[in-house]
Structures are given as C-alpha cells and as structure tokens.
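Reader: I have a structure open and would like to learn how to read its features. Could we begin with the aromatic rings?

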Amino acid sequence: MDAYMVTFQEHGDERGMLVALEYEKECPFPIKRVYYMYDTKEKVRRGYHAHRNLQQLLICVNGSCKIHLDDGEETKEIILDTPQKGLYLGNGIWREMYDFTPGTVLMSLASELYDETDYIRDYQQFIEEKKKNL
C-alpha cells in the first residue's frame with residue numbers, strides 16, 4: 001500500500017511551535033491544491049472515495065481523527081492526532097475519515113487541482129478498476 005507517515009521538523013521556543021512544509025523535503029509532490037475539513041459532526045464518516053492520479057498529504061492540524069485505508073488487497077486504520085505528522089496517500093487508495101474529535105481540522109495537500117473524473121466514488125467500481133490494473 002502506497003501510504004506512509006511523514007514526520008515534520010518542528011521549530012519552536014517559549015513562544016510556541018512552527019512546522020514548515022517544503023516540496024521534496026516533507027511533501028513528495030508539488031502542491032497544486034490545499035483544503036481542510038472542520039466542524040465535522042459526531043459519528044460522521046467522510047471521504048468514501050479513491051483517486052486515479054492524485055496524491056495527498058493529510059495533516060490533522062488540530063484534534064484527531066482516524067483514517068481507514070484500502071488498496072483493494074490490504075486495509076489499514078491510521079490515527080492522525082498531531083500536527084507534527086502527516087499521512088502520505090498515493091493514488092489508488094480508498095479512504096474514509098471518521099471519529100473526529102471536537103475542534104478537529106484535517107488539512108489536505110493535493111498534487112492536482114480538483115478534477116471530478118479523477119475520483120472513484122463507488123467502492124465496487126474501485127475494486128473492479130484495481131483488478132484491471134493488477
């Protein structure tokens with residue numbers, strides 16, 4: 001599964017902390033889009049899709065949430081609960097985000113601009129496409 005945790009270098013002192021993200025250092029792709037989720041209601045799951053081409057770096061900048069990952073052969077559950085780490089997701093991975101704590105902000109750095117044709121929103125279609133590409 002093309003998914004792994006990335007630890008960011010922290011800079012700080014008695015005033016507080018700072019994390020800087022740079023292409024080819026912390027982020028393995030040029031960033032073309034940034035978005036974030038917040039005020040996610042209790043017991044709500046988000047995502048329910050995979051991408052054909054897009055890569056992402058997910059960072060929980062506040063609070064925590066869980067990420068369910070599925071590449072058609074293997075599944076993983078990841079907890080994001082610190083702004084010092086991010087979850088890299090390559091393409092072809094089904095994702096669902098859930099168990100958001102109050103105040104959670106989940107930011108996504110994306111390798112591509114929004115393109116609806118890049119999304120696979122039906123799980124059975126995702127499995128079929130994965131079988132064809134094996």
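Author: Gladly! Searching the whole structure turns up seven aromatic pairs. Here rings of Phe, Tyr and Trp (its six-membered ring) pair if their centres lie within 6.5 Å, and planes under 30 degrees apart count as stacked, over 60 as edge-to-face and the rest as tilted. One of the pairs is W94 with F126, tilted, at 5.7 Å centre to centre and 40 degrees between the planes. This pair links distant parts of the chain, with W94 in strand β10 and F126 in helix α1 (residues 123-132), 32 residues apart. Helices (H or I, at least four residues) and strands (E, at least two) are DSSP runs, numbered from the N terminus.

Reader: What kind of model is this, and how are residues numbered?

Author: This is a predicted model, where local features need pLDDT of at least 70, side-chain atom pairs count only at pLDDT 80 or more, and totals for chains, interfaces and linings use all residues. Residues are numbered from 1 along each chain as its sequence is written, while side-chain values use heavy atoms, leaving out hydrogens and water.

Reader: Are W94 and F126 buried or exposed?

Author: Buried means under 20% relative accessible area, exposed over 50%, and partly exposed in between (1.4 Å probe, protein chains only). Both W94 and F126 are buried. Now look at Y114 and Y119, a tilted pair at 5.5 Å centre to centre with 50 degrees between the planes. Y119 is buried, because its relative accessible area is 13%, whereas Y114 counts as partly exposed because its value is 45%.

Reader: Which residues do ring pairs link into a cluster?

Author: Y4, F29 and Y88.

Reader: And how do I read a charge over a ring?

Author: The test is that NZ of Lys or CZ of Arg lies within 6 Å of the ring centre and within 35 degrees of the ring normal. In this model, the charged end of R45 sits over the ring of Y98, 4.0 Å from its centre.

Reader: Y98 brings me to strands. Where does Y98 pair?

Author: Two strands pair if DSSP finds at least two bridges between them. Y98, in β10, is the bridge partner of K66. Strands β7 and β10 (residues 94-98) are antiparallel, with five bridges. On β7 there is also an antiparallel pairing with β8 (residues 75-80), through six bridges, and C65 stands opposite L80 there. Five of the six residues of β7 (residues 65-70) are buried.

Reader: What lies between β7 and β8?

Author: Four residues, making a hairpin, and G72 in the turn has a positive phi of about 95 degrees.
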